[in-house]
Amino acid sequence: MDAWVIDAPEIKDINPLLDWTRKTGLDRELRHLKRIRRLQTSSETQITILLCASNTPIPPLPPNYSELAPYTLAVPARAALNMPHLALKNAVWPTVYAPLRPDPDEVRALEWDEARRTWVLECVRELVDGARRARVSGELPIAAFLPQMPGDTNADAVKALTHDTRTSESHPLRHAVINLVRLVGSLQSQSTASAEYFLTGRSLFLTHEPCIMCSMALVHSRVKEVYILIPMRRTGGAGGGEVNIVALPNVNHRYRIWRWHPRERVERELELGILALPDNVDS
Amino acid sequence: MDHNLWIGKALEMAEEAFEAREVPVGCVFVRDNRIIASARNRTIELKNATRHAELEAIDAILADRQLTPDPSAQYPLANTTLYVTVEPCIMCASALRQLGISEVYYGCDNDRFGGCGSVLGVNSIAHPAHPPYNAASGHERDAAIMVLRRFYLTENSNAPAPRSKANRVLRTEIPPAKKVSKDDRDETRTREP
């Protein structure tokens, strides 16, 4: 990308010029770049100050600098993700170093104890069984499983396994998640005691990343965490592709998302063959 | 097409929700210049936080063989327009797109959950199968905001973890659209209990 820059005549001019970019709001642009570049030659130090992207108009310069002429320069378009990139980018313009952090959930999963692993694998087995039965009965092989937590003594914490029924019900919105939320609601309608949001604190297992509708339905239902086996990169709403509902600003509830690790997927290749879906389906 | 007439019908449904102590959002679906379904929020009654007005009406339309003669049609809401008092939430906006809705008109924005541009433009973002749809706000906006304010003014004892609102007073001044103040965002913040 190109950016407007300006050369500072002397070192003492740096602060007045930076004050001016702050006052005009220019300093809020191009956050991935440092404001100043110093180029050392044998005789002198050339100091250049970053203003804004080249497609942004520059406000009038302060009176005592009106003779300075801003010009455009090619600058890095993004922050550096690793050290080699940082060196390459810094050669063009000093750039912010912002390495991708390891996925915190992946790190935590390594700390699961044996009981937790066993529980998760057991839940995945029940989930995949549900999807297999759906496929055999002519439905899309998409399932949702709401287990009881180990040692949960709360009688209201119903266990539920649902699958997609859009084919048999001729209803394009009968997704596994929507069916599950409805089933749990109807079970709880019978017990008048419950005044909770209806999946508060619960864990949910899904064969496929939920579509945007279902991802938001889980926000509305206050689910605590969701385990997803297969990402839906083009239609999902839970971060497998472009859209991640729980990362949006303003949304008033967020659930944790656990993703099946690709290494594990190889072992379950057969089952995942059963679970295969076209990539344009909303699951 | 008289948008305000149809939004007026949606507001009647919102009033019905208010009377039933549900979050007062109402909608009507219009096809060939007549209402084919009208509905309002039923999340508390059904103990199901996803039973928003739009999904209630959609289920009625899809269950009716006169309104949906071909149950295997990919887009049963083609040639159908939605009028709803509040911007559809992200969930409903996605549901409408999956069903091929033709257009959406709504009263006020929903800055917490809005799926037609306020939080996420589900009506227009990239999708490998479903075409985008147009969504336009501002029809009977003041009335849509006022019915929500009246609702949130009361103690909503039906909602889980109700908050104390004893000190609230009903404000009647409504700031202009697109310059939503923090207070206003508060009033329109939620579609659910």
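Predicted model: local features only at pLDDT ≥ 70, side-chain atom pairs only at ≥ 80, totals over all residues.
A polar contact is a pair of N or O atoms within 3.5 Å; within protein, one must be able to donate a hydrogen and the other to accept it, and residues adjacent in sequence count only if both atoms are side-chain atoms. Residues are numbered from 1 along each chain as its sequence is written, chains are lettered from A and ligands numbered from 1 in the order in which they are written, and side-chain values use heavy atoms, with hydrogens and water left out.

**Around B:Arg31**

- You will find B:Arg31 in strand β1 (residues 26-31) of chain B; strands (E, at least two residues) and helices (H or I, at least four) are DSSP runs, numbered from the N terminus.
- B:Arg31 counts as buried because its relative accessibility is 13%, where buried means under 20% relative accessible area, exposed over 50% and partly exposed in between (1.4 Å probe, protein chains only).
- Leaving aside neighbours within four places in sequence, B:Arg31 is in contact (heavy atoms within 4.5 Å) with residues including B:Ile36, B:Ile61 and B:Leu67.

**Around B:Arg97**

- Helix α3 (residues 90-98) of chain B holds B:Arg97.
- B:Arg97 is buried yet has no salt bridge, that is, a side-chain nitrogen of Lys or Arg within 4 Å of a carboxyl oxygen of Asp or Glu.
- The nearest side chain of opposite charge to B:Arg97 is A:Asp282, 8.2 Å away; Lys and Arg count as positive and Asp and Glu as negative, with His and the chain ends not counted.
- The side chain of B:Arg97 does reach the backbone oxygen of B:Val122, at 2.9 Å.

**Where the chains meet**

- Chain A gives 38 residues to the contact and chain B gives 36.
- Between them the two chains bury about 3,000 Å², 63% of it on carbon and sulfur atoms; buried area is the accessible area (1.4 Å probe) that two parts lose on being put together, summed over both.
- The rule finds 2 salt bridges across the interface of chain A and chain B.
- B:Asp59 forms a salt bridge with A:Arg174, their closest N and O atoms being 3.6 Å apart.
- Chain A and chain B also share 6 residue pairs in polar contact (both at pLDDT 80 or more).
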